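The sequence and structure come first.

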Amino acid sequence: MEGKIENIYYKSETTLPFKADLFPENGFLKGGSSDNIAREYGLKFHVDWLKGQKTGFFVDQRENRALLERYSKDRSVLNMFCYTGGFSFYAMRGGAKQVHSVDSSAKAIDLTNKNVELNFPGDPRHEAYAEDAFKYLDRMGDQYDLIILDPPAFAKHKDALRNALQGYRKLNAKAFEKIKPGGILFTFSCSQVVTKDNFRTAVFTAAATSGRSVRILHQLTQPADHPVNIYHPEGEYLKGLVLYVE
């Protein structure tokens, strides 16, 4: 039967705050399938929900991935902090001429390559690199005209805010420095303690430092199934900007 939920896996041992006295425990609440292929807007993904980060797949970016597909035709794409490659496959389906996926985790790169084979077997447009993001940005040329920066949370608590903002500035400055004229930058923060204004200021400072002329095309957030209570604005943890760089 279509739409019927057959398996529910509860994962909280590594995701709940360690101070929360909630007795976290991982395991199936319903079913027990070993099939790990998920489908999102017609694309398939191997999901490591047992050992992967958080739930093993970040569904909160699905609308933003779909938006990226519309900007990808004939572009050279860099997907930084690619994890399992989500943005990369939307770019490929959108007609990108080349897609490079980068993550510091060799395991993530392995999963990305498996996901390429699921969706675009033998496609020569895609290459993946297990490398530190800043080192890769330092050594790369100016071949990319579409860059995605979707780093893990730089700040898990308020004490880390100052360093996190420096990280966002540094990261985006590298992208502004290297992206081709007429390039498009998708840049995100998923740190709850980094406000929308904090993030914008960090990105705008990076743009000003680079001396590039930059326009905002879209301001992005999480989808409706990750709701933000009006009395809990901190729930709007995902912030994103789509920028046109002249």
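The axes of helix H5 (residues 161–178) and helix H6 (residues 196–210) come within 8 Å and cross at roughly 40°. H5 and H6 are therefore oblique to each other, and H5 passes H6 in a right-handed crossing. This is a predicted model, in which local features need pLDDT of at least 70, side-chain atom pairs count only at pLDDT 80 or more, and totals for chains, interfaces and linings use all residues. Residues are numbered from 1 along each chain as its sequence is written, and side-chain values use heavy atoms, with hydrogens and water left out.

The H5 side of the contact includes Leu-161, Tyr-168 and Phe-176, and the H6 side includes Phe-199, Ala-202 and Val-203. Contact means heavy atoms within 4.5 Å. By class, the residues of the contact of H5 with H6 are 10 nonpolar, four polar and one charged.

Two separate nonpolar cores follow (sets of buried Ala, Val, Leu, Ile, Met, Phe, Trp, Tyr and Cys residues joined through side-chain atoms within 4.5 Å; buried means under 20% relative accessible area, with a 1.4 Å probe and protein chains only).

| Core | Size | Members include |
|---|---|---|
| Largest nonpolar core | 28 residues | Leu-78, Met-80, Ile-147, Phe-176, Leu-185 |
| Second, separate core | 26 residues | Phe-45, Phe-57, Leu-67, Phe-186 |

Leu-185 touches residues including Ile-147, Phe-176 and Leu-241, not counting residues up to four places away in sequence.

Notes. Axes are lines fitted to C-alpha atoms, for helices over the stretch in contact, and angles run from 0 to 180 degrees between N-to-C directions. Helices (H or I, at least four residues) and strands (E, at least two) are DSSP runs, numbered from the N terminus. Angles under 35 degrees count as roughly parallel, over 145 as roughly antiparallel, 65 to 115 as roughly perpendicular and the rest as oblique. A crossing is left-handed if the near helix is turned anticlockwise from the far one by less than a right angle, and right-handed if clockwise. Ala, Val, Leu, Ile, Met, Phe, Trp, Tyr, Cys and Pro count as nonpolar, Asp, Glu, Lys and Arg as charged, and the others, Gly among them, as polar. Buried means under 20% relative accessible area, exposed over 50%, partly exposed in between (1.4 Å probe, protein chains only).
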